[in-house]
Structure formats: C-alpha cells, structure tokens
Amino acid sequence: MGDLIKLKFEIYFTNWINVLGIAACTYLYVLISELFVTGISAFPQMLLMALFTIALYGGTFFLGFLICMLLLDMVLMDGYIKHLRVRLFIEWLFISTPLIYWVIVYKEWVFVIGVLAFMGTQLIREERISTIIKRREHVQ
C-alpha cells in the first residue's frame, strides 16, 4: 500500500509538465495578442505585462489546477500502464470542461489555448508516467 501511494505522488509530480506547457503557451498567446493591439513599439512592455498576467491571474488557476490534479491522480492512477491514456484523457476532460464552458460564456480565447496545451502536455506526461511505472516494475 505504501509503495502505491509513493508511486502516485511520483506520478503527481509529473504535473510540472502540464504547468510549464500551459504557462508557456498562454504566455505566448497573451504576448502575441497584445502585440496586435499595441504594436511592436511596445514589445518590451508586453514581455513584462504578459508575465504579470500569467503570474497574477494564472496563480489562482494553477493552484486549483494542481489540487484537482492531485485528487484525480490519487483516484485514477493505479500503477499500471494499461489504459493510462484513457485515465489521462479523463483527467483532461474533467479539468477542461469548465474552461470550455468559459470559452463559450465569456468568449475568452485564452482558455482554448489552455485546453489545447493541457491536451498536448498530457500526452507528453503519458510518456514520463510510463517510464516511472516501467522503472517500478523492474525494481520489483
């Protein structure tokens, strides 16, 4: 039982891939969209403004995101590679549903970028989780 909990936490700590991927894609989106509004002359200010936007507004999002991912990883990850992609898709669907709703209601396209980045990072994360599980199987 203790080994499974340790494995689940090791899997949970692969969420840095999601956070980094979503933050980077969102940063680029905010930067590019603001450049279209203000023009290239404001580029240095836009670099800083986009960073503050991600840090201030994204801070609350990422805290909730990491808590949800912790709960979902504890429930869904069982230490087997079989159906791993399905479990990661369920995580993606559960977390992305409110973001898709916000796209529809608020017409904020940054949420689409977040959803797509999250999907891509889940696929990258799948490879890392498979490596962790295979390494665990070789040790036993």
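I take contact to mean heavy atoms within 4.5 Å.

I am working on a predicted model, where local features need pLDDT of at least 70, side-chain atom pairs count only at pLDDT 80 or more, and totals for chains, interfaces and linings use all residues. Residues are numbered from 1 along each chain as its sequence is written, and side-chain values use heavy atoms, with hydrogens and water left out.

I looked up Ser130 and found it in helix 5. For helices I use DSSP runs of H or I with at least four residues, and for strands runs of E with at least two, numbered from the N terminus. Is Ser130 buried or exposed? Ser130 counts as buried because its relative accessibility is 13%; the cut-offs are under 20% relative accessible area for buried, over 50% for exposed, and partly exposed in between (1.4 Å probe, protein chains only). Setting aside neighbours within four places in sequence, I find Ser130 in contact with Ile81 and Leu84.

I list Ile124 as partly exposed because its relative accessible area is 47%.

I counted 5 helices and 0 strands, and the pattern along the sequence reads α-α-α-α-α. Along the principal axes, the C-alpha atoms fill a box of roughly 60 × 30 × 20 Å. Of the 140 residues, 35% are buried. Among contacts between residues at least 6 apart in sequence, 70% join residues at least 24 apart.

I checked the length of helix 2: its 23 residues reach 32 Å from first C-alpha to last, close to the 33 Å expected at 1.5 Å a residue (expected span is 1.5 Å times one less than the number of residues). The buried residues of helix 2 include Ile17, Gly21, Ile22, Thr26 and Val30. Its buried residues pack against helix 3 and helix 5. Gly39 follows helix 2 and has a positive phi, near 95°.

I define a nonpolar core as a set of buried Ala, Val, Leu, Ile, Met, Phe, Trp, Tyr and Cys residues joined through side-chain atoms within 4.5 Å. The largest has 21 residues, and Ile22, Phe65, Met69, Ile95 and Phe118 have the most contacts inside it. Helix 2, helix 3, helix 4 and helix 5 each give two or more residues to this core, with helix 3 giving the most at 8 residues. Not counting residues up to four places away in sequence, Phe65 touches Asn18, Val19, Ile22, Ile95 and Phe118. A second, separate core has 8 residues, among them Leu84, Ile129, Ile132 and Ile133.

**Entry 7, largest pocket.** I use a 1 Å grid over the protein atoms alone and a 1.4 Å probe; a pocket is an open set of points with protein on both sides within 12 Å along at least five of seven lines, and lining residues have an atom within 4 Å of a point. Volume is the space filled by probe spheres set on the points, which are joined across faces, edges and corners. The largest pocket has a volume of about 570 Å³. It is lined by 21 residues, of which Thr26, Thr53, Tyr57, Val110 and Phe111 are the closest to its centre. Which helix gives the most to the lining? Helix 2 does, with 7 residues.
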